There are 2 protein chains.
Amino acid sequence: MGKESANRKVSAFAPASIGNVAVGFDILGLALPMLGDIVEVSISSAGVTIEEITGLEVPLPSNPEKNTAGKALIEMIKGEKLDFGFSIKIKKGIPLGSGMGGSAASAVAAVVAANEFLTRKLNKEELFNYAVQGEAVASGVAHGDNVAPALFGGITLCLKQNLDRWKVVELPYPKDIYCTILHPHIVVETKMARAILQKDIALSKHIEQSSHLASFLVGLYNGDWDLLQGSVRDVIIEPQRSSLIPHFDLFKKVAWDTGCLGFSISGAGPSVFALSQGQTTAKSLLEKWQALKQKLSYNFDLWSCEIDCCGARLMDVND
Amino acid sequence: MGKESANRKVSAFAPASIGNVAVGFDILGLALPMLGDIVEVSISSAGVTIEEITGLEVPLPSNPEKNTAGKALIEMIKGEKLDFGFSIKIKKGIPLGSGMGGSAASAVAAVVAANEFLTRKLNKEELFNYAVQGEAVASGVAHGDNVAPALFGGITLCLKQNLDRWKVVELPYPKDIYCTILHPHIVVETKMARAILQKDIALSKHIEQSSHLASFLVGLYNGDWDLLQGSVRDVIIEPQRSSLIPHFDLFKKVAWDTGCLGFSISGAGPSVFALSQGQTTAKSLLEKWQALKQKLSYNFDLWSCEIDCCGARLMDVND
């Protein structure tokens, strides 16, 4: 770090994401462009200080050890043996506890911005390792299913190959896959959503779910809509969590009736999503869900969008 | 069928295969070139007659309804509304109950040979549908994990999308994947091997196994040895069946120590297999297993080979 960096501020944006994507619990994720977190980073003498967190109704912990962005930078300082620290401002664009990867987005935006201050710039794999350690603060265990798409964009497969070795693969996908997302105004804590999961499942469900995972992956590689159609389906985790989400069965039925590729819970919920072939189907679903809002007197946000192509990016650099 | 077909005989060969391939229970398979079944087909006035079954120590049922090749042709006659029947001779090259897909190979060879007598030649997808109905006679339920590779060759994904609709995908694979196979001289009945499976499994095992499946599939598409290494691993079915196979743990340890991509049971067993990057590793494993033969005073057959590229083929056509 040169002296000219002392007053420099760097901001990075990281997009929202859908974890699990129905078929890949803890390993699959996809990035969404319509929301994201922004983290502004500047240099401090040592450690990490969270100056400000905005965009929230409920406060987030400003103790950097308990904040995903803070913890990611603490690990970066340690791992890179930095002789300086970071001061950060977090602007949350992703609602807390929405199941849209906000914890991961903050951690990712923080490491991407902080990277600009390093003498040896880290590559995405290295940044991933710090961000995923940050994200673990929120979910209790390190998972990369939201961190990977927030950093890389697109649809990602994220595997823990050994204790400390992660492998992220950017999957190909047909360009006209569209996503429709519904975010009910309730909060589901990831830790709680994990705690309710039963320890055993039926072997038959495992076999069925393996088929869906294989269909989805091979469908993406081959651009085969026949394989993708119906593959976005979770017969294991979703039935255990759907009761946390009001009107879940109705939203699901409408999605399938609209002809989507599939429907499920985004991450630990309460947001739900559907993937569609083409914008028309995705928008048609959006309109049908929109119509339910008044009918049910139930409040939620809706988006219809393509998949975010590029993941986290710097917003501006001013010295 | 013209009159000139009356004395015509057509033979087809279908290769052995490995079902499940560790990560895709009931859905994945790969073809092996070193063994196969041959079925010779000629025309009869009606129905299916099994004239002869050779190559076996134990007799197979010659009632065509109970024989996989016979049943496949019965379904073909029905489905194609043929006004004639078939007479067949089966030459078994794949040991019965070896877990190397003999039931599927006979059914596949039969439909491939019989197809030569049809006025409208069937494509592979259509042939698959008849062969899989034949194979169901052996395993009790229709599974395509051996039928698909025996017919198409290579590594195949075979999914049952609806009650009667199958989808077979030929997966890409790096050309230097090699296979080492060990066939102990004991018999494991597929139906029995299915019956011992517990109905429930741990959720954690499902998640782990999903990672292996995803690693394997994406590793094949990307030709990524880093993903393939270690992915050929079954933490769900294998532990429940391995006790049926003498010295299983030893064979497994030697395979892993040799640096294979992975090791598991071929289909329902008792054969076991390992996949390797390159012929050298595959042969090295073959030699180490060979050395165990004398040491254990235990008899088994061994092969090391590449994956069969092309699946079932006609052997000769003589009018």
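Is Cys305(B) buried or exposed at 9% relative accessibility? Cys305(B) counts as buried at that value, where buried means under 20% relative accessible area, exposed over 50%, and partly exposed in between (1.4 Å probe, protein chains only).

The structure is a predicted model, in which local features need pLDDT of at least 70 and side-chain atom pairs count only at pLDDT 80 or more, while totals for chains, interfaces and linings use all residues. Residues are numbered from 1 along each chain as its sequence is written, chains are lettered from A and ligands numbered from 1 in the order in which they are written, and side-chain values use heavy atoms, with hydrogens and water left out.

A search of the whole structure found two disulfides over all chains, a disulfide being a pair of cysteine sulfur atoms within 2.5 Å. In chain A, Cys309(A) is joined to Cys310(A), with an S to S distance of 2.3 Å. The torsion about this S-S bond is about -75 degrees, so the disulfide is left-handed. Cys309(A) is exposed, at 53% relative accessible area, and Cys310(A) is partly exposed, at 39%.

In chain B, a disulfide links Cys309(B) and Cys310(B), with S to S 2.3 Å. Its torsion is about -75 degrees, so this disulfide is left-handed. Cys309(B) is exposed at 52%, and Cys310(B) is partly exposed at 41%.

For Cys305(B), the closest cysteine sulfur is that of Cys179(B), at 5.3 Å, which is too far for a bond. Cys158(B) is buried, with a relative accessible area of 1%. The cysteine sulfur closest to that of Cys158(B) lies in Cys310(B), 19 Å away and too far for a bond.
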